[in-house]
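Here is a colleague's note, written to be read slowly with the structure open beside it. Please look up each residue or element as it is named.

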Amino acid sequence: MLKDETALIKTPHKRTQFTDEQLEEFIKCADPVTGPHYFMDNFFYIQHPTRGKMLYHPFDYQARLIDTYHNNRFSISMMPRQTGKSTSAAGYILWYAMFVPDSTILIAAHKYTGSQEIMQRIRFAYELCPDHIRAGVTSYNKGSIDFENGSRIVSATTTENTGRGMSISLLYADEFAFVRPTIAKEFWTSISPTLATGGKCIITSTPNSDEDQFALLWKGANKCEDEYGNPTELGINGFRAYRSYWEEHPDRDEAWGISMKQQLGEDRFRREICCEFIINDETLIAPTKLIDLQGIEPVFRTGQVRWYKEPEPGKIYVVALDPSLGTGGDPAAIQIFEANTTAQIGEWRHNRTTIPEQVRILADIVKYLHGFVKDPNMIYYSIENNTIGEAALISIAEYGEENIPGYFLSDSGTGSGRRYRKGFNTTAKAKLTACNKLKVLVEAGKMRIRSAPLVSELKTFVAHGTSYAAKPGETDDLVMGTILAVRMMTHLQNFHTEMHSYLRDHGETFAEPMPFIVMR
């Protein structure tokens with residue numbers, strides 16, 4: 001029978017006679033090995049942006065992608081923009097729903113429009129599919145399709161609870177690297193148990209940060225050896241990794257690459273087209289610099305303090321405390337820098353340490369440094385005195401500054417006629433100035449960042465209005481401690497000329513010292 005051209009969907013549970021040729025085509029589509037390729041090459045129609053409606057004939061790299069989808073329970077694909085990854089997934093999902101009965105397929109995209117775009121491609125292909133191939137549908141909606149064979153396709157935006165409680169046969173996560181990191185982590189934690197009974201998982205994306213959930217899964221998929229070092233087919237997390245390159249597309253040559261780089265700029269071209277892990281957000285530190293930052297393991301610890309280098313006599317040290325309430329919310333953080341070389345040598349962070357205990361840890365760090373340096377004139381400590389910093393000032397007074405063998409460094413106060421407050425007051429202007437100095441130091445290679453947690457925070461420290469702050473759901477306490485240390489070193493450089501080569505932006509030009517106060 002010929003398909004009724006006016007019928008967009010096939011009526012379910014309707015007896016229909018087919019010719020021998022139609023039955024043979026159906027059998028080829030239903031083949032569990034070659035079926036996806038035959039179906040997509042002969043019956044899967046797409047909307048090309050310039051050529052309009054056309055049959056999908058996969059390029060070589062797309063055929064390998066479909067094989068990766070079909071032949072592996074877990075697959076993760078990293079591909080350039082506009083190389084057909086979502087279109088290929090739409091075709092495979094439609095085939096899976098119609099030829100693997102009783103399947104529940106979940107499409108999770110980082111945005112609502114993304115999930116609806118994939119569903120639109122599926123609906124377009126389904127409506128152009130002949131009746132002897134396609135399955136009848138019992139429900140046909142914008143966000144879901146239920147088939148007469150018991151299968152269904154559901155689309156959703158990726159959230160922490162997407163898919164929770166569902167028995168999923170096939171999960172497709174699109175542009176997973178661009179889901180907010182905290183949501184992606186919770187989503188994967190929530191969805192993994194639903195796949196434990198045998199479900200398949202397909203993840204595709206262009207890259208973003210090298211520390212998000214997509215990057216972690218990608219790295220695990222590329223570690224293909226067992227505990228004895230023998231090569232394995234799958235990564236240590238059970239995923240099969242697939243990578244394609246923009247040069248594999250038949251319509252893209254060197255001239256196209258040059259043109260795209262000019263249009264997108266260096267950072268976006270390297271991320272969107274070359275698939276490098278360069279962060280998409282407007283970070284304080286340039287994304288191309290962030291990918292080069294690598295934290296190291298601490299060389300030793302004293303309690304909860306992580307040390308990345310042993311202190312040395314004759315060096316100048318700054319110890320900066322960014323306090324918190326210690327009630328389990330935002331952490332308090334302490335950064336320790338060797339001011340002579342602007343090198344990070346240690347840090348501490350915790351979210352349930354009370355303010356008096358934070359001050360005690362600060363004092364213990366200063367005493368530890370003094371044990372190496374022997375000269376209190378070479379050790380400076382301070383705190384951010386905004387809001388809860390007042391409580392830290394009271395704790396320091398109660399602890400006794402005379403019991404801390406270093407100098408309490410403060411900025412130039414709050415203006416004439418006002419009561420002087422110790423520590424550093426972080427105004428919007430002061431923060432922005434210090435952010436700029438931190439940016440210059442890191443991007444010029446003058447500041448040595450050794451802490452992996454600090455590197456992670458820098459990757460989520462982004463433009464926010466007229467300033468910078470952590471992305472929603474992330475923290476920036478280690479960064480703020482570092483910014484305070486930068487402010488301290490900027491003040492000190494005018495009185496320690498050996499610091500000029502690291503901290504001055506433009507050579508050795510002389511500037512009048514900025515006022516600061518040292519409190520003992």
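This is a predicted model: local features need pLDDT of at least 70, side-chain atom pairs count only at pLDDT 80 or more; totals for chains, interfaces and linings use all residues.

1. Residues are numbered from 1 along each chain as its sequence is written, and side-chain values use heavy atoms, with hydrogens and water left out.

2. The protein has 16 helices and 20 strands, where helices (H or I, at least four residues) and strands (E, at least two) are DSSP runs numbered from the N terminus. Along its principal axes the C-alpha trace spans about 95 × 55 × 50 Å. Of the 520 residues, 51% count as buried; buried means under 20% relative accessible area, exposed means over 50%, and partly exposed lies in between, computed with a 1.4 Å probe on protein chains only. Among contacts (heavy atoms within 4.5 Å) with a separation of 6 or more, residues 24 or more positions apart account for 68%.

3. Leaving aside neighbours within four places in sequence, Thr104 is in contact with Arg152, Met166, Ser167, Ile168, Ser169 and Leu170. By contrast, the C-alpha atoms of Thr104 and Ile388, 284 residues apart along the chain, are separated by 51 Å.

4. How do helix 4 and helix 5 cross? The axes of helix 4 (residues 85–99) and helix 5 (residues 112–127) come within 9 Å and cross at roughly 55 degrees, where axes are lines fitted to C-alpha atoms, for helices over the stretch in contact, and angles run from 0 to 180 degrees between N-to-C directions. That makes helix 4 oblique to helix 5, since angles under 35 degrees count as roughly parallel, over 145 as roughly antiparallel, 65 to 115 as roughly perpendicular and the rest as oblique. The crossing is right-handed, a term used if the near helix is turned clockwise from the far one by less than a right angle, left-handed being anticlockwise. The contact is made by Ser86, Thr87, Ala90, Ile93, Leu94 and Met98 of helix 4 and by Ile118, Arg121, Ile122, Ala125 and Tyr126 of helix 5.

5. For helix 8 (residues 254–264) and helix 9 (residues 266–273), the axes come within 7 Å and cross at roughly 125 degrees, and the two helices are therefore oblique to each other. Their crossing is right-handed. Here Trp256, Gly257, Met260, Lys261 and Leu264 in helix 8 meet Glu266, Arg268, Phe269 and Ile273 in helix 9.

6. The structure holds 0 disulfides, a disulfide being a pair of cysteine sulfur atoms within 2.5 Å. The sulfur of Cys274 is 7.8 Å from the closest cysteine sulfur, in Cys275, which is too far for a bond. Cys274 is partly exposed, with a relative accessible area of 22%, whereas Cys275 is buried, at 4%.

7. Two residues deserve a look at their backbone angles. Most residues other than glycine have a negative phi. Lys374, in the loop between helix 11 (355–373) and strand 16 (379–383), has a positive phi of about 70 degrees and counts as exposed at 60% relative accessibility.
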